[in-house]
Amino acid sequence: MSTRVTPEEIAAFADGELPAGREAAMRDAMAADLELAKQVERHRALAARLSQHYAPLLDEEVPDR
């Protein structure tokens, strides 16, 4: 990526939501920058942790009101 990678791009990439055209550039940037790769992994770990924590709520019944 020729420009600075934003936190939003890191999150989008980690969540699989970065547009395909930017995804390859992000992979190249991560290969060249170990800290960037670590940031992506930290985001993925946090997302997994939050998902695991809140997963039981998906099984709860929705109240009438």
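Contact here means heavy atoms within 4.5 Å. The model is predicted.

**View 1. Helix 2 from end to end.** Helix 2 covers residues 20–32. Its 13 residues, at 1.5 Å a residue, should span 18 Å. The end C-alpha atoms lie 19 Å apart, which agrees.

View 2. Met-26, Ala-29 and Met-30 are the buried residues of helix 2. They cover an arc of only 100° around the axis, so they sit on the same side of the helix. The other side of helix 2 carries exposed residues: Ala-20, Gly-21, Asp-28, Ala-31 and Ala-32.

**View 3. The neighbours of the buried residues.** Which helices do the buried residues of helix 2 pack against? They pack against helix 1 (7–14) and helix 3 (34–54).

**View 4. Helix 2 meets helix 3.** The two axes come within 5 Å and cross at roughly 120°. From helix 2, the contact uses Met-26, Ala-29, Met-30 and Ala-32. Helix 3 brings Leu-34, Leu-36, Ala-37 and Val-40. Eight residues of this contact are nonpolar, with no polar and no charged ones.

**View 5. Helix 1 meets helix 2.** These helices pack at an angle of about 105°, and their axes are 11 Å apart. Angles of 65 to 115 degrees count as roughly perpendicular, so helix 1 is roughly perpendicular to helix 2. Glu-9, Ile-10 and Phe-13 come from helix 1. They meet Arg-22, Glu-23, Met-26, Arg-27 and Met-30 of helix 2. The residues of this contact divide into four nonpolar, no polar and four charged.

Terms used
Residues numbered from 1 in each chain as written. Predicted model: local features only at pLDDT ≥ 70, side-chain atom pairs only at ≥ 80, totals over all residues. Heavy atoms only, no water. Helix = DSSP H or I, 4+ residues; strand = E, 2+ residues; numbered from the N terminus. Expected span 1.5 Å × (residues − 1). Buried < 20%, exposed > 50% of the residue type's maximum accessible area, 1.4 Å probe, protein only. Arc of directions from axis to C-beta. Axes fitted to C-alpha atoms, helices over the stretch in contact; angles between N-to-C directions. Nonpolar A, V, L, I, M, F, W, Y, C, P; charged D, E, K, R; others polar. Parallel < 35°, antiparallel > 145°, perpendicular 65-115°, else oblique.
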